[in-house]
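Here are my notes on this one, jotted down as numbered points. Have the structure open while you read.

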Amino acid sequence: MNMIPPVPGGTQRQQELVRRDLAHLWHPCTQMKDHESLPLIPIRRGEGVWLEDCEGRRYLDAISSWWVNLFGHTCPRIAGAIAEQAGELEQVILAGFTHEGAVRLAERLADLAPGPLSRCFFADNGSSAVEVALKMSFHYWRNTGRPEKRRFVNLSNSYHGETLGALAVGDVALYKETYAPLLMEVFTAPSPDCYLREPGADWEEHSRRMLGPMRGLLERHHREVCAVIVEPLVQCAGNMRMYHPAYLAGLRALCDEYGVHLIADEIAVGFGRTGTLFACEQAGIAPDFLCLSKGLTGGFLPLSVTLTTEEVYQAFYDDYENLTAFLHSHSYTGNALGCAAANATLDIFDDEPVLERNRELAARMRSAVAPLEDHPHVAEVRQTGMILAIEMARDRETREPYPWQERRGLAVYRHGLERGVLLRPLGNVVYFMPPYVITPEEIELMAQVAMEGIDRATSAPGEGP
Ligand SMILES: *Cc1c(COP(=O)(O)O)cnc(C)c1O
């Protein structure tokens, strides 16, 4: 057993908070028994890329607190916009009523989004945005006389959220398998994931080749298919696997050819993570549905949006008696505080050269982990924009993975906490997806600690089950 001791120095106050937490909270995506040996860390404040616990220990947030934060914790501009909005209007029912923040946000998103995406339907989390896209696509075909179209196509290793519909169109076994009896069946095409390319093949060639099985699937089933759903360029929850934009361009053409919608889930990759504001831009395509959340509010508040085209919208627009309306709602649809945070976030994109600066930071991240290129237990270092992933493997040549039971990533996580960097590996993949306000010095620290953690995790035996 390779047990690294819990972070030292828990004062009474901090320990007391942890005790109270464990008495009543049930944490997301957590085997709660792990907290018998894994420290739970109470955070008191945040600033920039830093989180500070009740002892004053600081952690560099290398994962943007689950990929939501863009411009740093407590970013004053966004915090100020929310405070101002809270004194004005916090929330109003969005059926029959509206407010300026939602109107402005919808106008701006329609303007920024690729192609003819001009209609915004708000919800309050990513999974719900996916549910909206799935229901709208199905309902569009029903309203236009094609009720037999009721199936969805996804990619292997994809992730679209945890509610039952979103889970059904995902393909990460760890999250999905248990609930399989509750889920609708989907058609799954192989992911263009370039980690799986043949030796010698380049990303573009491999990604294009994966259009073959997708074509075969649509050829056979297009009459009963509503939509294909994908995560453009990076399958984030699926261990940060990446592919070439040529796949998206080819997929757009296939969807047009076979008369099915394309749903782009940019909940994780939107707002600059891949180097462009939206990942779809790199393929020069527009989907029929675009799902956004996470960075939409700069990481301050839960808000999501599903954008679609005027054509889809018009298929629902009719006399009430014809019962074609989209009768879907969430209590907090278009929440005024969320919209204020999102508008402030877009203001920052308007006023500052964010994407340009990110290109330098991205290059810096790459060079900072250059020593890993010939590490015996690193099979690949891959990067798309501000997302950089390091795939640990038992053997770098054969790419034989470490058994998941060894929890190598957890050892990296523990090491990171000791050294004041929040890394949260996915299985055997250590990755960086930091807030855009990270400095070159902070990148060096983040990379240094990750490399130490990888050395440590791969030189010891695994923790075992
Ligand atoms: C996080 C995520 C979701 C789900 O969003 P939640 O707000 O967690 O429900 C859906 N799709 C992708 C690609 C995501 O990364």
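Predicted model: local features only at pLDDT ≥ 70, side-chain atom pairs only at ≥ 80, totals over all residues.

1. Let's start on the surface. Leu 182 sits in the loop between α7 (173–176) and β6 (187–189). With a relative accessible area of 56%, Leu 182 counts as exposed, because the cut-off for that is over 50%.

2. Now for the ligand. Which residues surround the ligand? The list runs Trp 67, Asn 125, Gly 126, Ser 127, Tyr 159, His 160, Gly 161, Glu 231, Asp 265, Ile 267, Ala 268 and Lys 294.

3. Gly 126 places a backbone N or O atom 2.8 Å from a ligand oxygen. Asp 265 has a polar side-chain atom 2.6 Å from a nitrogen of the ligand, and an N or O atom in the Lys 294 side chain is 2.6 Å from a ligand oxygen. On its own the ligand has 380 Å² of accessible area, and the protein covers 83% of that.

4. On to charge pairs. Side chains of opposite charge can pair when their charged atoms come close. The structure holds 32 salt bridges. One of them joins Arg 151 to Glu 224, with 3.5 Å between the closest N and O atoms. This pair links distant parts of the chain, 73 residues apart: Arg 151 belongs to strand β5 (residues 151–155), while Glu 224 is in the loop between α9 (211–221) and β7 (225–230). Arg 151 is buried at 16% relative accessibility, whereas Glu 224 is partly exposed at 27%.

5. A local pair, for your next stop: Arg 209 and Glu 205 meet in a salt bridge at 3.3 Å, N to O. Both belong to helix α8 (residues 203–209), and because they are four residues apart, about one helical turn separates them. Arg 209 is partly exposed at 41% relative accessible area, and so is Glu 205 at 40%.

6. Last, a buried pair. Glu 391 and Arg 382 form a salt bridge through their side chains, 2.7 Å from N to O, and both residues are buried. They also belong to one network of salt bridges with shared partners, which takes in Asp 193, Arg 197, Arg 241, Glu 380, Arg 382, Glu 391 and Arg 399.

Terms used: Residues numbered from 1 in each chain as written. Heavy atoms only, no water. Helix = DSSP H or I, 4+ residues; strand = E, 2+ residues; numbered from the N terminus. Buried < 20%, exposed > 50% of the residue type's maximum accessible area, 1.4 Å probe, protein only. Near = heavy atom within 4 Å. Polar contact = N/O pair within 3.5 Å; in protein donor to acceptor, adjacent residues only side chain to side chain. Areas by Shrake-Rupley, 256 points an atom, 1.4 Å probe, with all protein chains shown as cover. Salt bridge = Lys/Arg side-chain N within 4 Å of Asp/Glu carboxyl O.
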